[in-house]
Amino acid sequence: MDLWERIREYQHREQQLSWHGTFREYFERVLQDPRLCRLSHARIYDMIADQGIDSDDMGHKHYRFFTGELFGLQEALDQLVEYFQSAAQRLEVRKRILLLMGPVGGGKSTVVTLLKRGLERYSRTNQGALYGLEGCPMHEEPLHLIPSTLRKEIAQHYGIYIEGELCPVCRTRLREEFRGNIEEFPVERVVLSEMNRLGIGTFSPSDPKSQDISELTGSIDFATIGQYGSESDPRAYRFDGELNIANRGLMEFIEMLKADEKFLYGLLSLSQEQQIKTGRYAMIYADEVLISHTNEAEYQQLIQNKKNEALRDRIILIRMPYNLRVSDEMKIYDKLIRESALHTVHMAPHTLEVAAMFAVLSRLKESKRSGVSLLTKLKLYDGQLVDGFTETDIRTLKQEWPDEGMTGLSPRYVINRLSLALVKSTVPCLNPLDALRALKDGLGQHSGFSAESRDSLLNLIYEVRREYDELVTAEVQKAFIYSFEDTAQMLLNAYLDNIDAYVNHRKVMDALTDEEIEPDEMLMRSIEEQIGVSENAKRAFREEILIRLSTLSRRGQHFDYRSHPGLQAAIEAKLFTDLKGIVRITTSAKAADLVHEKKRNEVAERLIEYHGYCSHCSHAALQYVGTLLER
Ligand SMILES: Nc1ncnc2c1ncn2[C@@H]1O[C@H](COP(=O)(O)OP(=O)(O)OP(=O)(O)O)[C@@H](O)[C@H]1O
Ligand SMILES: [Mg+2]
Ligand SMILES: [Zn+2]
Ligand SMILES: [Zn+2]
């Protein structure tokens, strides 16, 4: 790479972004591309929509703008985009403050940050470009120069909607510097940037006694009062509050409900009337999206206090519960890991899965319906098939606790615990047991848990551990068979031949001798018994399998050993039972002789090659399964 060449390219691009001209020239540009004078909500909506919106087969919309950054927040994002879509059409919602409400570490700040960074990028593109009056502290829309008496006509003639009045600074300049000649007023391209305090503001409440409203609305510039002679000369005022500088873009109000009332008051008039009350000036027009966040406890306080009715009325609430899908939770971890020291470490298979299961379980609420354990719920929410449950069941389960996901453990907690486990680990690999141990130890140190909730969290750890035991045992056992899939398929074929003959009162052909022989009852039963199919029920079971087989083949689909969940379980169990002895002897730590050693290495190799293990976690898994089978 040629650094200096690249820097020249960069500077060239930056220069291309700058444009200076007169208002007359700007107006020509607006006529050619009316998007230039969009209001803030419309610009943000277009920024999201321009990236693309996909629909899945369920009819859900997916916004590429958030893809890869936010997971499992479908509903919240739908509401958010809907808000911008309506506000873009200047519907009443534009006059509301968006309030994201959710538990700690649930992604509220991330949503706002994505919008901020998005705006910065978008304002640098042709589609997102915007212009402001040069020298205006609020880089205001140049169309404000057009007297209000002409605006109606302009709207009719050109279809251009104009809203807002000149700020005091520009008004003075227009009068004194340009003698009212708006044509010549200089205009420049505006590139939004939080760092440069252009179009993106942030306010975070601190001690209300020391925090001053000027942080939001600017302040008198005492150094220049002498020069201009009066406090009410706009040139003696700094319009540099967060609300001022956020004009045209977005204003983030962190932990809004922690702020002193005097700050909230300013927000109300801004959202309702697009006006900022500043010092001695008449109201100043501003056009910006107001986003704030809060947690549930503070929101409840707001609701309960009658005094806050005005504020409540002007809020659009978006609930941001924790994600409740294990697969999405794992994607969150993947993202956080890529950004942390953990990215150099091997994550053994199922490590993130067990951590995600635990985190999601901690957020779920027990269903009142009998026979629905938390683990069943977890699987259903994750889209896994569970015998006896339909889509409708899942919907009713979700409706049972509308505020599910507002409590529990955050992704941040999980990643922090994994990072700690890494520090303690002697090898560059974390396995599921390390993860569960770290998560468990964290419960003792976390001050936020009552003894009761700690106990129930501890129980969840054990539950996840049992799930993992099954998973890892199955995986290791599969690795013992040279090709598990082929073996399972062979067993399945033999089974299918036999039940077909049995049900249709035929004989089977012996593969070796071509003799016709009776169906092998022992073989069939040895499989069926694995999942508790009784002698009386065997005919019905066999018929059901054959029906499934013919349905699939009519659709041109292949029947493999996974096509029927019950049969899959039976075949795996049969193979595993046959194997159990050998797996136990081989994995047991005591068996030190060379034959077992060789077999162990062979299996470890297969775990590495086909199942994503590394040299550390493959042996750890073998050893662990050995101890499980010893029990
Ligand atoms: N659903 C999610 N999808 C992707 N990342 C997430 C999700 N939830 C949380 N995160 C990640 O977890 C971390 C914490 O999230 P964030 O800081 O946005 O939460 P917050 O709601 O603002 O929390 P707090 O109340 O503590 O300020 C971030 O790195 C964020 O990217
Ligand atoms: Mg935050
Ligand atoms: Zn101005
Ligand atoms: Zn590993």
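A pocket, as the word is used here, is an open set of points on a 1 Å grid over the protein atoms alone, with protein on both sides within 12 Å along at least five of seven lines, and its lining residues have an atom within 4 Å of a point. Its volume is the space filled by probe spheres (1.4 Å probe) set on the points, which are joined across faces, edges and corners.

The model is predicted, so local features need pLDDT of at least 70 and side-chain atom pairs count only at pLDDT 80 or more, while totals for chains, interfaces and linings use all residues. Residues are numbered from 1 along each chain as its sequence is written, chains are lettered from A and ligands numbered from 1 in the order in which they are written, and side-chain values use heavy atoms, with hydrogens and water left out.

**The largest pocket**

Select His60, Gln74, Glu75, Arg325 and Lys398, which among the 46 lining residues are the closest to the centre of the largest pocket, a space of about 1700 Å³. Next colour β3 (61-63), α4 (74-88), α14 (326-338), α16 (374-381) and α17 (391-400), the elements that each give two or more residues to this lining; helices (H or I, at least four residues) and strands (E, at least two) are DSSP runs numbered from the N terminus. The largest share, 6 residues, comes from α4.

**The second largest pocket**

Move to Lys379, Gln384, Glu467, Glu470 and Leu471, which lie nearest the centre of the second largest pocket and belong to a lining of 28 residues; the space here is about 1000 Å³. Two or more lining residues come from each of α14, α15 (351-363), α16, α20 (451-480) and α24 (565-587), and α20 gives the most, with 6 residues.

**The open sheet**

Now display the 5 strands of an open sheet, which follow the order β7-β10-β13-β4-β14 with parallel pairing; two strands pair if DSSP finds at least two bridges between them. At the edges are β7 (200-203) and β14 (315-319), each of which pairs on one side only. Zoom in on β7 and β10 (residues 250-253), parallel strands joined by 4 bridges, where isoleucine 200 stands opposite leucine 250.
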